[in-house]
Amino acid sequence: MFKKILQSLSKSQQAKAQAPARPSGPLPVAPSSGAGLLSKVVPVAGAPATPRTPEELCEITPKMPRDQVAARLKLLYRRYNRGASSLDPKVRAEADRMLDAIVVVREKVFGEI
Amino acid sequence: MAEFVGIDLGTTLSGLAYLKPDGNPEIVPNADGERLTPSVVFFDGHEDVKLVGSAARDGGEPDRTIFQIKRHMDDPEHLVEIDGRKWTPAEISALILAKLKRDCSRIIGDINEVVITVPANFNELARKSTIAAAEMAGMKVRRLVNEPTAAAVYYAHSQGVQGRILVYDLGGGTLDVTILEVQGDGIRILTSEGARHLGGSNFDELLLDAYAEQYSRQTGARLWTDERHRRRILQATEDAKKMLSKLQRVNDTVSNDQNNGIARIDLTRDGFETMVRHMLTRTVMLVEQALDSAKLKAAEIDHVVLVGGSTRIPKVKQVLEKMFGQAPKSCGNVDECVALGAALFAKKSARIQEVCNASYGTLAMVYNARTGEEKLMNSIVIPKNTPIPCSKTQVYQTSEDNERVIEVDITQGEDEDPRYVDIIGRITLEVPPNRPKGCEVAVTFSYDENQRVRALVVDKQSGRSREVAVSYKGAGVLSEEDLKKKTVSLRQMRIE
């Protein structure tokens, strides 16, 4: 189904430049049922500009089922645990902030370890 | 001459072990009579001598003392300047290795080839830097092996166990979780996950905050005003942490360096566990990630093995017991088993199947033929957990007419979103002009036993190709020429 096309440098750089800056919150994830590979990652334009609570940072809504929350936190943990060892201090700081938020949400939803 | 030698080059402690004629590994003490050597280097200003170990940790001036250099092994720009001379992380590590080699050679004879352990999630640069450090110290690296793998090898050897083992390695600076399977005499690694900057030293820093808060509350003054005093208090917090693993309540008295009086510090195990709870939750999430990666459930793990000094914290054991429904087992001396396992690995490496610790791929526009959408994505060529050594090829097509130069980014990471992976290299290949888009290009990644990556790009129409090993540039990266010079220079240094 998927055809991979090698990215030329010019187009690659252009595409990267056009891509929104790393958002203050994570990327939203579309529902998994029936979603294709591409639809898992959607543009971040709709992401809140200044998320405040851990739930907002993790984009967890009050009505989200527990299994969706768990899947969401797993995805975010994998992503930001990697970011926590980045050489870029900004990426590292953002990753630490997100990991803190992930842990807080996890404790609220699933209880303390 | 010792034939099978393993070295645990740790964030806070390092150790060397060798395989005795009876096939059992043993730790070799350093010349100070210690089984493990603190990974600390002090550059003396009066005599041209580099102190390594306890003397460096306990007595040196802070601005001439280097702690935890391992945390910077993956930073191409990190340099330490002492008396106008700049030292790379590999050079500082070489001093620690040189001390181990010189001291231990007096007991077991010449040490020429070694296995060195590294955290499972060490990247290419950090691995390369470790090999360079060993070369500067006069040792050839037979293999690098991941720390939890080494610990598991020792555990399997010493306990004679079979089945699936999860190794939880919480050291001074990092957490590694590895799942492996022991069948007969063979060991197959299933997955390794790691978290950097998550270890005992992070717990010490939290206790340091508690000390500072209690001191300030009682005296109205700051607990420290200079780095030397802060380090002394930090050492005290580490001692308190160790006591809290055995006692429910610990008291300490501290003073600052300005004669503002003495304060009594009161710590409880409950309070400490509250302080570190969020960090321990992160470790639990890493364990869950490892189980997911290996497509296993907690109930399918036969043994949970503890490695690293921080696993002495009772809460760590409680959390893992709750998670797995079985008490985790200690890997003998949790501080020494990595070095002991490395010595065993030196002999048994042929019977140990390791895996690729990360996914490697390239950036590509991925076109969905059904929806017509296309998006820039991380296209994985070698998935994480592929048995190594390995080589895999993915064929792509050029996306523009008359492309003259094909540039292939080498990515490291599992995320399909390019923003969340690292670009660790790039290959440029010139191709003939006037070709339409859609020409096929084969991208091959190879991954060797030391977990280092090579990439090959072949333009299928013209047959032109280019192959590179992932390499790094930066002030803290030594060239081959530099490496030779530093090796000669280091051999002439006085290292105690």
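The radius of gyration is taken here over C-alpha atoms, and the globule rule is 2.2 Å times the number of residues to the power 0.38. For the 496 residues of chain B, a compact globule would have a radius of gyration near 23 Å, and the 25 Å of chain B agrees with this. The model is predicted: local features need pLDDT of at least 70, and side-chain atom pairs count only at pLDDT 80 or more, whereas totals for chains, interfaces and linings use all residues. Residues are numbered from 1 along each chain as its sequence is written.

**Overall form**
- Along the principal axes, a box of roughly 80 × 55 × 55 Å holds the C-alpha atoms of chain B.
- Chain B contains ten helices and 28 strands, where helices (H or I, at least four residues) and strands (E, at least two) are DSSP runs numbered from the N terminus.

**Burial and surface**
- Of the 496 residues in chain B, 59% are buried, that is, under 20% relative accessible area (1.4 Å probe, protein chains only).
- Chain B has an accessible surface of about 19900 Å², and carbon and sulfur atoms contribute 45% of that surface; the areas come from the Shrake-Rupley method with a 1.4 Å probe.

**Contacts**
- Among contacts in chain B with a separation of 6 or more, 68% join residues 24 or more positions apart; contact means heavy atoms within 4.5 Å.

**The residue Glu3(B)**
- Glu3(B) lies in the segment before β1 (5-9) of chain B.
- Beyond its neighbours within four places in sequence, Glu3(B) is in contact with Glu113(B) and Arg142(B).
- Glu3(B) and Ile108(B) are separated by 105 residues in sequence, while their C-alpha atoms are 9.7 Å apart.

Note on methods. Chains lettered and ligands numbered in written order. Heavy atoms only, no water. Buried < 20%, exposed > 50% of the residue type's maximum accessible area, 1.4 Å probe, protein only.
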